[in-house]
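Trainee: I should like to learn how to read the individual features of a model. Shall we take them one at a time?

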Amino acid sequence: MCGIVGYIGHQNALPILIDGLKRLEYRGYDSSGIAYKNGKGIEVYKTTGRIKKLEHIVPFPYEHANVGIGHTRWATHGAPSEVNAHPHYIGGVAVVHNGIIENYREIRSKLIAEGETFYSETDTEAVPQLISWNMKRGLSLYESIVESISALRGSFALGILSESDPTTLYAVKKGSPLVIGYGEGEYFFASDIPAILSHTKRFLYLEDGQICALSAKDIDIKYFGQPKQAVPEPSIVEVDWTSAMAEKDGYDHFMLKEIHEQPRAVQDTLNEWNECSEKLIEDLKLTVKKTFGLQRIHIAACGTSYHAAVVGRYVIEELARIPVSVEIASEYRYMQPIIEHDTLFISITQSGETADTLAAQREAKNKEARALTICNVVGSTAARDADLVLYTRAGPEIGVASTKAFTSQMAALCLLAMGLASKRGRLMNGELKILMAQLFKVPELIEKAMKKNAEIKALAETLVETRDILYLGRGVNYPIALEGALKLKEISYIHAEGYPAGEMKHGSIALIDEGMPVVAVAPVNSHFDKILSNIEEVRARGARVIAVTDEPAAVSHKADDVLVVPSTHPLFSPFVTVIPLQLLAYHIAVLKGCDVDRPRNLAKSVTVE
Ligand code: AGP
């Protein structure tokens, strides 16, 4: 994964790079480093561990540097050691990299045979080695970079700074995300917008295959594989995110802040629909020929976004009666999906940069499907690759554990389901109005659900020592069981499983013994009685039942703990049932002393396969 950042301009690069790296830390935090040009030459500082450690080794007060690059690493090739940390600095060329160079072994062997010495175990080192070798052969810096990157296989976003021309900073993109920030007399690049959001709101997403030469005053973009190919006029996107949105704002963790932002995030996403629904549905009609005879929807996504997709399936099928299949994107991309005439493909992604989701979308498009993406980042790769975009308006999500993006994605899917249902004549005007009114009440209900925080924290205190928790749900709340389990696993490292409650008897009930916590997501709906029976079944085997319900009277005598959520339309119950599960995972992780915003082994955006 990794995060890269770069700066060239009239300000001092060092605080900009360090601050940018702190904001990119969610992408990896095994090691970090910076390279910058001072009056004498290029200085490189790197260390294992967090950016805080890097801050300690960079001499302070910072010396002045107008240009520099930085990196925070999520180790893939080579242990998280200092020598493997980026930037890799070879023969006067410093490189930071996000992605994977697949043919680095071949390059390495070739250059070693030519007499070059390699110092690290990384794939990245092959890049500055190759550039400096090409320069030794007499090519100019630019020619060497182009020659070298054209020889690379894999995915890469690169930042390159060279001793031979420190007035130019190079940014290269193929397969990994990279955004250029436009300032006044200055340019930035970064793996993600929040890294440089406090400096600019104007961004350009580089296209795959582009190399960008940045000076303080100028930007020059070319296709490195096809130097003669004309580069279209850059389409600069202006984001309405503020830098405050990417701050903790008094909360202990981004995750907690983002949990509390959900009423606003869902509301803004609903409002977005008000603005664009007519057009979106019209576009859908044009894009997927005869949309309202639409035969099938395929949805692909990863992780939490996949769970939102499963919620979407229940809602779309129930309201619009269109068959929906939901797949994990890493499976979909290789499963040779059968895409029939009038199939709509939907990708769901917070970042818009998840490698498997992008590949799934490309696979669907290659098979002639029309693609709609539900995405949180304006101008991201998913948004640019899709035929149509429905933006969630969650704002920047920094915590690795996704929360507000999830509820916003569900909001977008509910709206889409209602839009399709109404156009297909499945929802009469009056019914649509009633349903819409209930959906627009959801932000208020989420707010109410969060009021139980103290109770949930007290419950968390009793679960800190737990080794396994089972989460059960049915229907539209089955994916909420999956999501509750994922939240707990990823931030507290407690083993958890989400299961469809009715399937439990076919295997996982064997796990239950005296005192094992079982979270049952049980709001009132048409299969309420069924989940009550499932609760009885696990209780009879000694489980400690924690029920999440809007009908405590029916559940309290069957459960050891009851977390009450507000009532809503059954299809919208996931918006409220997920809240206590997010808070429960959060409090357990905090009580266990885990690093909630930066859980081990994880990165926010998985931009490699
Ligand atoms: C969940 O908390 C995770 N951060 C993860 O599962 C995430 O949802 C997944 O990697 C997909 O990311 P995306 O939405 O940015 O594509």
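Mentor: Side chains of opposite charge can pair when their charged atoms come close. In this predicted model, Arg544 forms a salt bridge with Asp561, the closest N and O atoms being 3.1 Å apart; a salt bridge is a side-chain nitrogen of Lys or Arg within 4 Å of a carboxyl oxygen of Asp or Glu. Arg544 lies in strand 23 (residues 544–549) and Asp561 in strand 24 (residues 561–564), so the pair ties together parts that are 17 residues apart in sequence. Here helices (H or I, at least four residues) and strands (E, at least two) are DSSP runs, numbered from the N terminus.

Trainee: On what conventions do such values rest?

Mentor: Residues are numbered from 1 along each chain as its sequence is written, and side-chain values use heavy atoms, with hydrogens and water left out. Because this is a predicted model, local features need pLDDT of at least 70 and side-chain atom pairs count only at pLDDT 80 or more, whereas totals for chains, interfaces and linings use all residues.

Trainee: Are Arg544 and Asp561 buried or partly exposed?

Mentor: Buried means under 20% relative accessible area, exposed over 50%, and partly exposed in between (1.4 Å probe, protein chains only). Arg544 is buried, with a relative accessible area of 19%, and Asp561 counts as partly exposed at 21%.

Trainee: How many salt bridges does the structure hold?

Mentor: The structure holds 28 salt bridges. One of them joins the side chains of Arg598 and Glu25, at 3.1 Å from N to O. Arg598 lies in the segment after helix 19 (573–591) and Glu25 in the loop between helix 1 (13–24) and strand 2 (31–37), so the pair ties together parts that are 573 residues apart in sequence. Glu25 is buried at 6% relative accessibility, while Arg598 is partly exposed at 24%.

Trainee: Which residues are linked with Arg598 in a network of salt bridges?

Mentor: The network links Glu25, Arg50, Asp595 and Arg598. Within it, Arg598 forms a salt bridge with Asp595, with 3.6 Å between the closest N and O atoms. Asp595 is partly exposed, at 25% relative accessibility.

Trainee: How should I read helix 19 itself?

Mentor: The expected span of a helix is 1.5 Å times one less than its number of residues. For the 19 residues of helix 19 this should give 27 Å, and the end C-alpha atoms are 28 Å apart, which agrees. Of these 19 residues, 17 are buried, so helix 19 is largely enclosed by the rest of the structure. Just after helix 19, Gly593 takes a positive phi of about 75 degrees.

Trainee: Which residues come nearest to the ligand?

Mentor: Of the 13 residues around the ligand, those that come nearest are Ser305, Ser351, Thr354, Val400 and Glu490; a residue is near a molecule or strand if one of its heavy atoms lies within 4 Å of it. An N or O atom in the side chain of Ser305 is 2.6 Å from an oxygen atom of the ligand, and for the side chain of Ser351 the distance is 2.7 Å. A polar side-chain atom of Lys487 lies 3.1 Å from a ligand oxygen atom. Taken alone the ligand exposes 410 Å², of which the protein buries 91%; these areas come from the Shrake-Rupley method with a 1.4 Å probe, and for residues only the protein chains shown count as cover.

Trainee: Which helix gives the most to the shell around the ligand?

Mentor: Helix 8 gives the most, with three residues. Helix 8 (303–320) and helix 16 (478–492) each supply at least two residues of that shell. Helix 8 has 18 residues and reaches 25 Å from its first C-alpha to its last, close to the 26 Å expected. It is mostly covered, with 13 of its 18 residues buried.

Trainee: What should I look for in the backbone?

Mentor: Most residues other than glycine have a negative phi, and most peptide bonds are trans. Asp249, not a glycine, has a positive phi of about 55 degrees and is exposed, with a relative accessible area of 59%. The peptide bond from Phe60 to Pro61 is cis, with omega near 0 degrees, and a cis peptide bond also joins His86 and Pro87.

Terms used: A polar contact is a pair of N or O atoms within 3.5 Å; within protein, one must be able to donate a hydrogen and the other to accept it, and residues adjacent in sequence count only if both atoms are side-chain atoms.
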